[in-house]
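Hi everyone, thanks for making time for this. I'd like to walk you through a few spots in one structure, and please stop me whenever you like.

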Amino acid sequence: MKEIIIDVGSRQTRVALLENKELTEIYIERQSEERITGNIYKGRVENVLPGMQAAFINIGLDKNAFLYVKDALPNTYFDEDEEYVSSAQYKEYQIDELLKAGQEIMVQIMKEPIDSKGARVTTHITLPGRYAVLMPTVEYIGISRRIEDEEIREKLKKLAEELKPKGMGLIIRTAAEDCTEADLSNDINFLLKLWDNIKQKQKTGAAPRIVHKDMSIIYRTVRDMFTKDIDRLVINNKEHYEKVRELVTIISSHLKNKVEYYNKSYDIFEYYQAEPQISRIINRKVWLKCGGYIVIDQTEALTSIDVNTGKYVGTVDLKDTVLKTNIEAAKEIAKQLRLRDIGGIIIIDFIDMADEIHESTVLEALKNALKKDRTRTNVLGITQLGLVEMTRKKVRQRIEKILMAPCPYCKGEGRILSSETIVKKIEKEVNSLFFNTGAMAVFLEIHPDVEELINYYIDEDMFELGKSFNKPVFVRTSAELHREGYIVKGIGMSEITELRKKGCREI
């Protein structure tokens, strides 16, 4: 059973896709961080960089957008497999042949700003509808890869050729598998009117400014995800429920009865048991049902996934144990990639398999599990080091980036200084203070964890703090200090007397 659960809140909207009650996809859109992928802007070229074959476009965001030469080529289209499609003879263009600084240009965001990088944009505009995607700038016909029946694909291709506007392109979407010619024709006509409206807006007003904004997350969900294989769509907001019903009536009336209004006072995500599953998304380690586990580590360059047998010891032999663990891990990895929305380069370290047949079996299991993913994936194979290389299209921030913020203590490093390192730093600072000033003593405030190590060093006669200067050091602990934090302060005779009266520890 497949269900779409929509939680509309005052500050954010969340959409969960459940398959047999299990969370498989989660999307979160906050008012302060609305999605901008798909938005179309009238921009101004700020810099043209021939050495990078790219240009930076001012579209009114905090950072200039990045336009690569292949995304600016006239009458061309690069599909998700990076295959070149063109109705004209290909030419090796230079970016400075296409764009000049100060030039105004219409672009569409294809990748949102991620980390320190600005948005990536393209001049190849795509307008998604319910059944088709209109490409006004290039002649091209494509059929969704999720439509696997060759007879249906051929039928839809012929239909697209008949309905395709002159000089434009079409991609037929998965939802068109059962649509009529009239449905597809109406969808295309709506997109043509939208394109005319966008062109009119582009002509007026100075750059940079937005000329078209994509639908909100609720209506994108209805347009892109609510297909015949979804058993129901449940939403907890009455106003949006009515609007969703109206939209569904227009675009897919046969799905209207699958839309439900959730009117209970109990939290909708708690009711459908999605909330506890969301909380597990941030876990680095994911346990498998067999007792093995996978470890997911994400960096800016790539994501690495390690597979381990864990508590699973098998029942037959080592080869069988490894094979079963790897197959289960392959299915879980495909699920986690969708759930966490991990994109870019992905390296998987399955447990070593000596049998090539077993390797092929695991790779096939991974590819089959990835077929459920609506985002383009590409499994490249096994390297000489025995690692599986694959890619997944990166469009937006990982869900982890939305749910979490960098730790203010470790600054996202995942590590803090050890007590030994902190004590060594304190020793150097105290000795430097005694050497360079006329301080009679030192007042030291430290975290209790650091004091434990200092006590050990004192007991073992390994402590060097102020030893060579034969001057007292007063110590006070404070649990409110950062684990790495400490205070070193030089003091005089009057302060020494006061601290001794108060019974402050002296070492």
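Before we start, one definition: when I say helix, I mean a DSSP run of H or I with at least four residues, and the helices are numbered from the N terminus. Please also keep in mind that this is a predicted model.

Let's begin with charge. Which residues gather in a patch of negative charge on the surface? They are Asp149, Glu150, Glu151, Glu154, Glu161, Glu162 and Glu181. Helix 2, which covers residues 150-163, gives the largest share of that patch, with 5 residues. Asp149 sits in the loop between strand 13 (141-143) and helix 2. Is Asp149 buried or partly exposed? It counts as partly exposed, because its relative accessible area is 38%, which lies between the 20% limit for buried and the 50% limit for exposed.

Now over to a nonpolar patch. Ile282, Leu403 and Met404 form this one on the surface, and together they have about 230 Å² of accessible area. Leu403 belongs to helix 10, residues 399-403. With a relative accessibility of 32%, Leu403 is partly exposed too.

Next, a buried residue. Gln277 is part of helix 7, which runs over residues 275-279. Its relative accessible area is 13%, so Gln277 is buried. What does Gln277 touch, if we leave out residues up to four places away in sequence? The answer is Lys21, Glu22 and Leu23.

Let me finish with the backbone, where three places are worth a look on your screens. The peptide bond from Ala207 to Pro208 is cis, and its omega is near 0°. You'll find Pro208 in the loop that links helix 3 (181-203) and strand 15 (209-212).

Then we have two residues other than glycine with a positive phi. Gln273 has a phi near 60°, and Gln273 lies in the loop between helix 6 (268-271) and helix 7. Asp341 has a phi near 55°. The loop holding Asp341 runs between helix 8 (318-340) and strand 21 (344-349). And is Asp341 buried or exposed? Asp341 is buried, because its relative accessibility is 12% and buried means under 20%.

Technical notes:
Residues numbered from 1 in each chain as written. Predicted model: local features only at pLDDT ≥ 70, side-chain atom pairs only at ≥ 80, totals over all residues. Heavy atoms only, no water. Patch = residues over 30% accessible without salt bridge, like charges linked within 9 Å, V, L, I, M, F, W, Y side chains within 5 Å. Areas by Shrake-Rupley, 256 points an atom, 1.4 Å probe, with all protein chains shown as cover. Salt bridge = Lys/Arg side-chain N within 4 Å of Asp/Glu carboxyl O. Lys, Arg positive; Asp, Glu negative; His and termini not counted. Charge placed at Lys NZ, Arg CZ, Asp CG, Glu CD. Buried < 20%, exposed > 50% of the residue type's maximum accessible area, 1.4 Å probe, protein only. Contact = heavy atoms within 4.5 Å.
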